[in-house]
Amino acid sequence: MKRKAYLGIDIGSISTKGVIIDENNKILAECYLWTEGNPTEATKKVLLSLKEQFDPERYRIVSSGTTGSARKLVGSMIGAKMVKNEITAHAVGTTTLHPDVRTILEIGGQDSKIICVENGVAVDYAMNTLCAAGTGAFLSSQAHRLGVEVEEFGEIALRAAKAAPIAARCTVFAESDLVHKLQVGCPKEEIIAGLCKAVAGNYLNNVAKGKKIVPPVVFQGGVSKNAGVVRMFEEELGMPVLVDENGHLMGAFGIAVLAKESQKEGEFSFDVADMEFRTREVTCGKCANHCEIICVYRDGELIDSWGNRCDNGAIKSR
Amino acid sequence: MERIQKIGIPRGLMAYRSGMLWKEFFEGLGYECIFSPESDRRILEKGTGRAIDETCLPFKMYLGHVMELIGKCDTIFVPRTGGYRTTEKMCTRYEALPDLVRNIFRDEQVNILTVSYDWYNRTTEEKVYLELGLSLGKTKKQVKKAYSSAKKHQETRQKNREKAQLKLLESEKTRVLLAGHPYVLHDAYMGGELVRILENLGAVALYTDYVNRENALKRSYEFSRIMPWIINREMTGATMLMKKKVDGIVIVSAYPCGPDSLVNDMLVRRLKDVPVLNLTLDAQSGTAGLETRMESFIDIIRYQKAGGYGNQN
């Protein structure tokens, strides 16, 4: 008899993550790649990569879940049994691996969040609002400006003797600050260290404002791979900050665990990776709200739709 | 005043508190009275087009409602409401409302019916309505009768809402208190969306303005002795009264509200032992962000009650 396995996909604005776990929450397959503005294509690529790592002789996927900003779209695409917000998914993922965690810091491509945990359950959270200052996208654009790869940022920052003061409250101000620092001949590594410090400072002053940060602290999301930011957090908080080696997969892992715990099982087939998915945005004209309704088609057939504020805009799938 | 037959009331700001009182008062004096329609995106866009950028979302919406009424009535009722006491004032937009409307719609030459009261005049609500009625050329007796009848109905309506809300507290569903200004909570486009999301998640919405006003006001003085705004007083007082009776509190503010930015921060610090979500509504038309935030919040409440995610056995 084949053993049960569970699939979790986390589709963020910048990156898409996928994992397959077994009944003991062991990761059997994993994948991390850029969304590139196309969640359905990114999901297909993730599925193909997971399929290669997966042993269908020993395991079969009995349930799947999706999270992240495109969770609904991809959820209806793969027929997920569990579609949940990223706060819960991250809280579940992290508390599974670190049962004693009290504070989860998360900085992703375009958003950042803090989750406060008590007795293994989230009790409070905060997310950044409209502005994406101090997230991965900000660091990437600054790396581009400095002519270095963002992946090298951490290492370079750690080499710096000190961090140049850079305002990170707003990306526009940070950029002009950075240009100024370059013009006055400030060494590049000090600027990079300054950017890392600014990201940590911006996060603590905005997203984490008013939240009590209690150890143990786990830091995850793409930016947690940046050792410079990790060190700045440790300095600012005066406590160790743990980065899990699978921290970038935590949302996908969490939603896979939730799919497992839900005990809702349903067939999943890698065949969806070969199907054609198309989305269409329809502006509803039934009332003055003009809701933007998203319709998802699989091989030309409407399978799901959402975005309508009232029932007048409901578009039924056949 | 020249012949007025039909009075229009913009469905925004204080209309969500006193709109029916106004309507019945005017009807009691023999006028026809109409409201602008429920808020939607088109009304907001129209209002936004006439407002300065920095003003708040509800005020932009209000301007849209004024525009809905232009040409459909003889005059539009836009009162200047300062407040009756120095610690129970309204925000400056209310104090300036008729002037703002008159100037913004100068080209349209809108006919505005107004009445003005301010905390330094030491007046009462009854006197204000008397002044308003007399300005319309009615007799003292007519005005007093119209006011007391309209006021009585308003009180009954409020009592019924309070009773209905107390019943909701016995609900088996997740009970979420929406704390905010009435004109945000009950606006079809702003708060209406939140209520819809809550209901889809199987939760019930309760409102701070459906809590007994006198009790809420009294409680607010324990929260702050000097806070000057009456709406924030009623909202914070009601929140303090309700905090132990609900499963969670969502503090709702419409961007950018000056009083809320000061008060809500303080309120969050005073709310212990109950899940709180601080939510700011803006003009973004997408609702995905709101859904994510509300769903996460409801999850926190439910998994806490369940004692965990089931992942640590």
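Q: In what order do the strands of the open sheet of 5 strands in chain A lie, and what kind of pairing does the sheet have?

A: Strands of a sheet pair through backbone hydrogen bonds, either parallel or antiparallel. In this predicted model, the order in chain A is β3-β2-β1-β4-β5, and the pairing is mixed. The edge strands are β3 (27–34) and β5 (82–83) of chain A, each of which pairs on one side only.

Q: In which sense do β4 and β5 of chain A pair, and over how many bridges?

A: Strand β4 (residues 59–67) of chain A pairs with β5(A) in the parallel sense, over 2 bridges. Within β5(A), M82(A) is the bridge partner of G65(A).

Q: Which strands of chain A does α9(A) lie across?

A: The helix α9(A) lies across β1 (3–11), β2 (15–22), β3, β4 and β5 of chain A, and runs at about 135° to β1(A).

Q: How many residues does each chain bring to the contact between chain A and chain B?

A: Chain A brings 25 residues and chain B brings 24 residues. On the side of chain A that touches chain B, α3 (86–97), β8 (121–127) and α9 (250–262) each supply at least two residues, and β8(A) gives the most, with 6 residues. The residues of that side of chain A comprise 11 nonpolar, 10 polar and 4 charged.

Q: What does the radius of gyration of chain A agree with?

A: A compact globule of 318 residues would have a radius of gyration near 20 Å, and the 21 Å of chain A agrees with this. Buried residues account for 48% of the 318 residues in chain A, whose secondary structure comes to 9 helices and 13 strands.

Methods: Residues numbered from 1 in each chain as written. Chains lettered and ligands numbered in written order. Predicted model: local features only at pLDDT ≥ 70, side-chain atom pairs only at ≥ 80, totals over all residues. Contact = placed C-beta atoms within 7 Å. Helix = DSSP H or I, 4+ residues; strand = E, 2+ residues; numbered from the N terminus. Nonpolar A, V, L, I, M, F, W, Y, C, P; charged D, E, K, R; others polar. Pairing = 2+ DSSP bridges. Axes fitted to C-alpha atoms, helices over the stretch in contact; angles between N-to-C directions. Rg over C-alpha atoms; globule rule 2.2 N^0.38 Å. Buried ≥ 20, exposed ≤ 12 C-beta atoms within 10 Å, placed from the backbone.
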